Amino acid sequence: MAEQTFDLIVLGGGPGGYVAAIRAAQLGLKTAVVEREHLGGICLNWGCIPTKALLRSSEINHLLHNLKDYGFAADNIRFDLAAIVKRSRGIARQLSSGVAHLLKKNKITVFDGAGKLAGKASVSVEKDGKPVATLKAPHIILATGARARQLPGIEADEKLIWSYRGAMVPAAMPKSLLVIGSGAIGIEFASFYRGLGAAVTVVEMMDRVLPVEDEEISAFARKSFEKQGMTIITGAAVKGVKKGTDSVTVTIEAGGKTQDITVDRVISAVGIVGNTEGLGLEGTGVKVERTHVVTDEWCRTGEPGVYAIGDLAGAPWLAHKASHEGVVCVEKIANHPGVHPIDWSNIPGCTYCSPQIASVGLTEAKAKAAGREIRVGRFPFIGNGKAIAMGEPEGMVKTVFDAKTGELLGAHMIGAEVTEMIQGYTIARTLESTEAELMHTIFPHPTISESMHEAVLDAYKRVIHF
């Protein structure tokens, strides 16, 4: 095979890889993408997008069963699980083909296969064990993503014990379900299945659900989940799993007591592991810690000319973080004027459960731990006219400010549409806004976003509607 030469090679066509490739093409770099499975990566094919389609169906099911609250009536409401799954998979396919179109439009060469480092500035590509191509480039970006972490003895078989993949394509609706892990992935699946009527138990090792969120938001979320009928067990450890013919018995230890819980299916959502295997990292300066590649602020590894972005490069494991890293990495490679490293504190986090959760910046506890003197504002959705009119009065917005400078240190939200609203606070932090600019900003009425304004006012004892 003749060698093919590029300015940049990207291993992985997920939200980090394909965005990096497109930005590189825009900057005039001859670029190649190597993808072994699906363009769009886990996010587009088995994560962010298709799960939102599933959650939308679950939300509609909930609304249909509560039509009387809106002045409607309907009989014999039911759902078709196979059709719900089919819609979700169809959306994933549609968007994956869209990524292929974008790469073609930007004249990016795509290689179907698995790529690995093969010496300095070189990548070998194989498909099913057979060589496909040898590529050369002075810059190589590793964007190979991550996979679900497997707990010993609780490995996913995708039949009785599901990872996110099995949970997205159920052959039948389980009557009962136990979710191990209450991070974003676990809680979103708990919401989906509870919204369709399954009895759901969530088991969390930490002392609260959604442990990366502000403690107040976590507590609000737990009450909401339990009100919906979920069983939440925190400070718990899974001591054993016994598979039956069509059920699983899980032994849980919490609070010094042990109990057995038998359910139809188990979802394991206990984190992810970086895809570092088979990349040819041996003998290079690339350093791997806890399955993730170590990088600097410009996504550079310890090997000159080799970079890493996205889930492979560690937390937070978010598609928008991967995409932004891809852009920053490529702009640094191209010496683009104005390029700046990522501000890790300005990466918003979103969980699309019901109610939704979104946050950016420091929690109240972390701000205090950092020695900051703070002012905290809160505003409940029950004081917001639009939320009440929508039938979504359950929620709140919380803001954390530096008491001396007025800097917005963090914002934390729970309730309807907060994943759409958090960007307002993210922009405010990017612009280094203080409470003064936020107070002087006119928020449209009636909108749920008015709660964001009120939460700022509350921090300075100027709240109007509560």
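Predicted model: local features only at pLDDT ≥ 70, side-chain atom pairs only at ≥ 80, totals over all residues.
Close-up 1. Serine 268 belongs to strand β17, which comprises residues 265-268. Its relative accessibility is 6%, and serine 268 therefore counts as buried, the cut-off for that class being under 20% relative accessible area.

**Close-up 2. The aromatic pair of phenylalanine 401 and tyrosine 460****.** Five aromatic pairs are found when the whole structure is searched. Phenylalanine 401 and tyrosine 460 form an aromatic pair with edge-to-face geometry, in which the centres are 5.5 Å apart and the planes make an angle of 70°. This pair links distant parts of the chain, since its members are 59 residues apart: phenylalanine 401 lies in strand β25 (residues 396-402), whereas tyrosine 460 lies in the segment after α13 (450-459). Both phenylalanine 401 and tyrosine 460 are buried.

**Close-up 3. Charged side chains over the rings of phenylalanine 6 and tryptophan 46****.** The ring of phenylalanine 6 has the charged end of lysine 30 sitting over it, at 5.1 Å from the ring centre. For tryptophan 46, the residue lying over the face is arginine 89, and here the distance from the ring centre is 3.9 Å.

**Close-up 4. The open sheet of five strands****.** The strands of this open sheet follow the order β4-β3-β2-β8-β21, and their pairing is parallel. At the edges are β4 (109-112) and β21 (306-308), each of which pairs on one side only. From one strand to the next, the twist averages 20°. In general, strands of a sheet pair through backbone hydrogen bonds, in either a parallel or an antiparallel manner.

**Close-up 5. Pairing of β8 with β21, and helix α1 across the sheet strands****.** Strand β8, made up of residues 139-142, pairs with β21 in the parallel sense over three bridges. Leucine 142 has alanine 308, in β21, as its bridge partner. Helix α1 (residues 17-26) lies across β8 as well as β2 (8-11) and β3 (31-35), and the helix runs at about 165° to β3.

Definitions and conventions:
Residues numbered from 1 in each chain as written. Heavy atoms only, no water. Helix = DSSP H or I, 4+ residues; strand = E, 2+ residues; numbered from the N terminus. Buried < 20%, exposed > 50% of the residue type's maximum accessible area, 1.4 Å probe, protein only. Phe/Tyr/Trp six-rings, centres within 6.5 Å; stacked < 30°, edge-to-face > 60°. Lys NZ or Arg CZ within 6 Å of the ring centre and 35° of its normal. Pairing = 2+ DSSP bridges. Axes fitted to C-alpha atoms, helices over the stretch in contact; angles between N-to-C directions. Contact = heavy atoms within 4.5 Å.
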